[in-house]
Amino acid sequence: MAALYACTKCHQRFPFEALSQGQQLCKECRIAHPIVKCTYCRTEFQQESKTNTICKKCAQNVKLYGTPKPCQYCNIIAAFIGNKCQRCTNSEKKYGPPHSCEQCKQQCAFDRKDDRKKVDGKLLCWLCTLSYKRVLQKTKEQCKHLSSSSRGSLQEKEQFSRLSSGSHYNSQKTLSTSSIQNEIPKKKAKFDAISANGDSFSPDLALDSPGTDHFVIIAQLKEEVATLKKMLHQKDQMILEKEKKITELKADLQYQESQMRAKMNQMEKTHKEVMEQLQAKNRELLKQAAALSKGKKPEKSGAITSP
């Protein structure tokens with residue numbers, strides 16, 4: 001009996017092949033809790049609910065510091081403290097100022113001074129590195145799938161050719177020597193006719209090699225892999241452009257909201273100051289009016305008692 005393993009989410013037991021390689025989740029849990037990107041820091045996390053669009057770390061930072069601002073380097077909306085996100089702050093302390101990314105051309109790639117840590121020798125930022133590795137992983141998986149399917153078809157063809165050659169050999173053993181001798185003059189006459197016509201005889205053309213089909217299949221598969229790589233690269237470029245545009249729009253919206261909030265705060269402050277000035281002036285006028293009314297009353301009483 002095959003061993004069963006528990007899903008890390010629902011704790012039900014399944015065969016090892018039914019669970020995901022990384023987090024050991026069953027199919028239902030993978031559908032119910034997919035891997036998504038955080039709206040702020042763009043890291044991948046397991047979504048607990050459909051309304052949950054930010055990771056736990058960003059949710060905690062939002063409670064502590066409020067809504068983040070776009071980072072001045074990578075333009076990711078994850079700057080909770082200051083104008084830089086935590087990733088760029090740590091990288092700047094460790095590797096120095098950022099350089100231009102060779103993919104997105106933004107000033108957000110940090111040189112680690114180690115060619116082994118570069119992606120195919122290119123200096124890429126964090127987002128472009130993730131996208132590049134994702135494309136490479138997809139390409140490797142598709143190539144692996146295509147190679148496994150091609151190996152299966154090649155093995156089937158080789159098995160079929162072995163069976164057919166074995167049956168052909170057994171049937172040929174039953175032929176009499178007289179029939180073989182009758183066939184030889186016919187083939188010789190045919191060969192003489194071809195030579196007389198001036199055509200060159202090639203043993204490769206005379207033999208029906210089963211390896212020719214294999215080379216054709218391999219060439220077709222190589223063309224399909226090249227086409228798929230090109231399509232994947234184009235789609236990845238489109239995704240990068242869309243993500244960049246979405247990030248810019250979010251940053252613009254965040255900036256407009258902050259400007260509007262600052263303007264409203266300034267107007268409220270100005271209105272409060274004007275109201276305080278008017279109230280102070282009103283109190284001063286009331287005091288002056290009270291003093292004038294008190295000064296007029298003694299004058300009237302003296303004018304009445306004088307005769």
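Good morning, colleagues. In helix 3, which spans residues 86–95, the buried residues are C88, T89 and S91. Please bear in mind that the model before you is a predicted one. Directly after helix 3 comes G96, whose phi is positive, at about 95 degrees.

The largest pocket holds about 770 Å³ of space. Its lining comprises 37 residues, and those nearest the centre are L124, C125, W126, L127 and C128. Which elements give two or more residues to this lining? They are helix 3, strand 8 (107–109), helix 4 (126–173) and helix 7 (211–305). Helix 7 supplies the largest share, with seven residues. In terms of domains, domain 2 (46–123) and domain 3 (222–285) each contribute at least three residues to the lining of the largest pocket.

Let me proceed to the second largest pocket, for which the computed volume is about 340 Å³. Here 16 residues form the lining, and K57, N61, A78, Q86 and R87 lie nearest the centre. Two or more residues come from each of helix 2 (56–65) and helix 3. The lining of the second largest pocket divides into eight nonpolar, five polar and three charged residues.

Thank you for your attention.

Technical notes. Residues are numbered from 1 along each chain as its sequence is written. This is a predicted model: local features need pLDDT of at least 70, side-chain atom pairs count only at pLDDT 80 or more; totals for chains, interfaces and linings use all residues. Side-chain values use heavy atoms; hydrogens and water are left out. Buried means under 20% relative accessible area, exposed over 50%, partly exposed in between (1.4 Å probe, protein chains only). Helices (H or I, at least four residues) and strands (E, at least two) are DSSP runs, numbered from the N terminus. On a 1 Å grid over the protein atoms alone, a cavity is a set of points where a 1.4 Å probe fits but cannot get out, and a pocket is an open set with protein on both sides within 12 Å along at least five of seven lines; lining residues have an atom within 4 Å of a point. Grid points are joined across faces, edges and corners, and a volume is the space filled by probe spheres set on the points. Domain bounds come from an automatic or database domain assignment. Ala, Val, Leu, Ile, Met, Phe, Trp, Tyr, Cys and Pro count as nonpolar, Asp, Glu, Lys and Arg as charged, and the others, Gly among them, as polar.
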